[in-house]
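Subject: Handing over the structure

Dear colleague,

I am passing this structure on to you, and below it I have set out what was found. Please read the notes with the structure open beside them.

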Amino acid sequence: MKTDRGVNLTAASYIAAIDMGSNSFHLLIGQVRHGAWRSCYKTERKVQLAAGNAGGFLQADPQMRALACLAEFKQILGGYDPMPLHIVATASLRGMANAESFCRQVQSLLGVMPEIVSGELEAELVYLGVGNEAGDGAQLVVDIGGGSTELAFGHGPRMARGRSVAGGCLSYLRYFPEGRLGRADFNAALGAARVEFERAAATLALPPGVAVVGCSGTLLAVEQVLIARRGHSAGIYRDDLRHLVADLQSFTRVESVFFAGLPEDRQSIFASGLAIVLALFEALNIDEMAVSERGLREGILERSVNAGVVSTASVEIKHKGE
């Protein structure tokens with residue numbers, strides 16, 4: 001097996017990934033066995049690193065929350081043997097003027113410089129993490145994050161085309177000024193997201209009836225609310241979404257949104273996320289969507305194991321062909 005700087009992917013190897021998203025940070029630790037890996041620990045924390053960054057700068061309070069979260073992750077990682085650690089940042093840091101200085105703080109804390117991945121590469125990693133569960137059929141994998149939404153189309157475990165769409169559950173709070181939740185506010189978010197998805201769909205050239213699989217906290221939260229309302233049956237269906245949107249009109253503030261099955265830490269971003277989900281279904285003419293608990297962090301570990309090599313330094317993930 002190939003090595004890099006003396007690190008082997010052996011049966012005793014632990015590998016780990018930290019996904020620094022715009023809304024949540026995820027930690028996943030896996031152990032390599034027989035050329036594959038199995039999850040042995042995972043957790044997430046609501047950080048909202050992208051909160052208040054409309055001016056193109058990470059704000060002080062989110063940075064403090066992020067570093068406190070990473071310090072907690074460091075304690076968890078300390079309970080395992082020394083391992084390669086992969087840290088990936090997405091829309092949370094893309095285009096931020098002070099991203100490098102923040103990354104230096106992360107490097108000082110964890111010994112690894114975060115890799116800020118492009119939207120297209122993020123889509124590829126998400127597809128790799130989710131698509132690994134799929135068969136050989138065509139599928140569209142969707143990840144609605146805090147700052148962007150990734151669309152990845154492919155067959156089986158391989159992505160063919162990927163697109164990143166501006167807009168996520170945290171960044172779309174701008175359509176709900178001062179936390180106000182009215183019909184006009186929701187429709188503004190819905191319309192903006194629909195335009196973005198229609199543009200993306202035109203370049204993805206999806207075949208009719210393609211299977212759709214979603215991942216991320218937003219889609220998992222919507223699914224859980226719908227399951228609680230139906231009393232059974234997993235997945236997200238367009239008709240159910242429309243009924244849920246109608247019931248959302250009974251709330252006047254984003255932070256007051258409450259549905260059975262909705263986690264408390266998702267209440268304030270549920271309306272913005274729901275607008276994005278409904279826009280996606282309408283723009284791409286989706287009738288139903290399965291939801292996976294896998295995502296970007298699984299994709300990071302999949303790529304490492306598939307390559308047969310990991311590094312004790314920051315992980316450099318490049319586009320195919322580069």
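The largest nonpolar core has 49 residues, and Phe197 and Phe270 are those with the most contacts inside it; a nonpolar core here is a set of buried Ala, Val, Leu, Ile, Met, Phe, Trp, Tyr and Cys residues joined through side-chain atoms within 4.5 Å, where buried means under 20% relative accessible area, exposed over 50% and partly exposed in between (1.4 Å probe, protein chains only). Please bear in mind that this is a predicted model, in which local features need pLDDT of at least 70 and side-chain atom pairs count only at pLDDT 80 or more, while totals for chains, interfaces and linings use all residues. Residues are numbered from 1 along each chain as its sequence is written, and side-chain values use heavy atoms, with hydrogens and water left out.

Leaving aside neighbours within four places in sequence, Phe270 is in contact (heavy atoms within 4.5 Å) with Ala221, Val222, Val225, Leu244, Val257, Phe259 and Leu262. Apart from this core lies another, of 29 residues, which include Ala66, Cys69, Leu77 and Ala89.

Turning to the aromatic rings, those of Phe, Tyr and Trp (its six-membered ring) pair if their centres lie within 6.5 Å, with planes under 30 degrees apart counted as stacked, over 60 as edge-to-face and the rest as tilted. By this rule there are four aromatic pairs. The rings of Phe251 and Phe259 have centres 5.5 Å apart and planes at 80 degrees, so this pair is edge-to-face.

In H6, the buried residues are Arg238, Leu241, Leu244, Val245 and Leu248. Seen down the axis of H6, these residues fall within an arc of 115 degrees, so they line one face of the helix; the arc is that of the directions from the helix axis to the C-beta atoms. They pack against H4, H5, strand E10 (236-237) and H7, whereas the face of H6 turned away from its buried side carries the exposed residues Asp239 and His243.

With best wishes

Conventions. Helices (H or I, at least four residues) and strands (E, at least two) are DSSP runs, numbered from the N terminus.
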